[in-house]
Structure formats: structure tokens, C-alpha cells
Amino acid sequence: MFLISIIVICSYFVPTCTSKEQHCAQYYDNGDFSGSSEWIFHGEKRVDTNQQISSIEVMEDCELTGYSDDNYSDKIVRIKSCSGTKQSSLKTDQDNSIRGVSCVCTGGLCEWTAT
């Protein structure tokens with residue numbers, strides 16, 4: 001009974017990768033990770049109507065994909081973090097051109113993707 005209680009308590013306080021509440025990435029208006037920012041959660045897709053994304057911070061074991069359209073078909077950037085948080089300032093041709101974003105998190109991200 002004691003072991004079951006510990007497992008329940010640990011699973012309550014330790015978020016899982018598939019939790020909808022898990023922070024996946026944060027994107028910022030400025031290239032130095034400052035200015036207005038928005039969080040995107042695991043499994044979420046979002047349209048950014050002002051197209052002001054200049055830098056992105058991706059949480060461990062997560063991958064953010066940025067698209068130039070709101071149909072999620074024209075991929076222009078993919079940022080993933082294999083260990084720790086990864087910060088990336090967008091290149092000139094990507095800066096302020098992202099219209100749609102999607103983000104997923106999974107354990108062992110680097111094991112199931114080759115790039």
C-alpha cells in the first residue's frame with residue numbers, strides 16, 4: 001500500500017510528456033528572447049496573426065515547427081531540444097515570417113528522429 005501511495009504522489013507532481021499542460025516552447029518578439037512572449041503547450045497548434053516571432057526557446061524533449069502559413073503546410077523552421085532547453089534566434093529569412101506553430105514533446109525525442 002505504501003509503494004502505491006508513493007507512485008501516485010510522484011505521478012501527480014512529476015509532469016509526463018503527454019500532459020496537455022506541459023510547456024513545450026516559448027516564442028518571443030525580439031531576437032534576444034525579450035519583448036512579448038507566448039507559451040505553446042505539448043500537442044498544440046497555434047496561428048500567430050502578428051508574425052512577430054524572432055526567437056524561440058524549446059523545452060527538453062520537445063520539438064517546435066514553424067510554418068509560413070496558417071494551414072501548417074509550408075514548414076520554414078524546426079527546432080528540437082534533446083537535452084536541456086534550447087534557445088534559437090531565427091535567421092534573417094525566418095525572422096518575423098512564422099505564421100503557424102506546432103509543438104510536441106515526447107520522451108527519447110532524439111532516439112526517434114534522425115535530424
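Which cysteine forms a disulfide with cysteine 62, and how far apart are their sulfur atoms? The partner is cysteine 105, with the two sulfur atoms 2.0 Å apart. Keep in mind that what you're looking at is a predicted model. The protein chain has two helices and eight strands, and a search of the whole structure turns up two disulfides. Here's a quick tour, topic by topic.

**Overall layout**

- Going along the sequence, the elements of the protein chain come in the pattern α-β-β-β-β-β-β-β-β-α.
- The protein chain has 115 residues, and 37% of them count as buried.
- Take the contacts between residues at least 6 apart in sequence: 63% of these join residues at least 24 apart.

**The four-stranded sheet**

- Four strands make up an open sheet in the order β3-β8-β5-β6, and the pairing is antiparallel.
- The edges belong to β3 (45–47) and β6 (75–81); each has a single partner strand, so one side of each is left without a neighbour in the sheet.
- On average, neighbouring strands of this sheet are turned by 15° against each other, if you ignore direction.
- As a reminder, strands of a sheet pair through backbone hydrogen bonds, either parallel or antiparallel.
- Strand β5 (residues 62–67) runs antiparallel to strand β8 (residues 100–105), and six bridges join the two.
- If you want a landmark for that pairing, look at threonine 65, whose bridge partner in β8 is serine 102.

**Disulfide between cysteine 24 and cysteine 103**

- Cysteine 24 is joined to cysteine 103 by a disulfide, at 1.9 Å from S to S.
- The link of cysteine 24 and cysteine 103 is left-handed, with -80° about the S-S bond.
- Cysteine 24 sits in strand β1 (residues 23–28) and cysteine 103 in strand β8, so this pair ties together parts that are 79 residues apart in sequence.
- Both ends count as buried: cysteine 24 has 0% relative accessibility, and cysteine 103 has 1%.

**Disulfide between cysteine 62 and cysteine 105**

- Back to the pair from the opening: cysteine 62 and cysteine 105 form a disulfide, and it links distant parts of the chain, with cysteine 62 in strand β5 and cysteine 105 in strand β8, 43 residues apart.
- This disulfide of cysteine 62 and cysteine 105 is right-handed, because the torsion about its S-S bond is about 100°.
- Cysteine 62 and cysteine 105 are buried too.

- Tyrosine 28 counts as buried at 10% relative accessibility, whereas phenylalanine 33, at 22%, counts as partly exposed.
- Tyrosine 67 and tyrosine 72 are also an aromatic pair: their ring centres are 5.5 Å apart and their planes stand at 90°, so the pair is edge-to-face.
- Tyrosine 67 has 12% relative accessibility and so counts as buried.

Terms used:
Residues are numbered from 1 along each chain as its sequence is written. This is a predicted model: local features need pLDDT of at least 70, side-chain atom pairs count only at pLDDT 80 or more; totals for chains, interfaces and linings use all residues. Side-chain values use heavy atoms; hydrogens and water are left out. Two strands pair if DSSP finds at least two bridges between them. Axes are lines fitted to C-alpha atoms, for helices over the stretch in contact, and angles run from 0 to 180 degrees between N-to-C directions. Buried means under 20% relative accessible area, exposed over 50%, partly exposed in between (1.4 Å probe, protein chains only). Rings of Phe, Tyr and Trp (its six-membered ring) pair if their centres lie within 6.5 Å; planes under 30 degrees apart count as stacked, over 60 as edge-to-face and the rest as tilted. A disulfide is a pair of cysteine sulfur atoms within 2.5 Å. Contact means heavy atoms within 4.5 Å.
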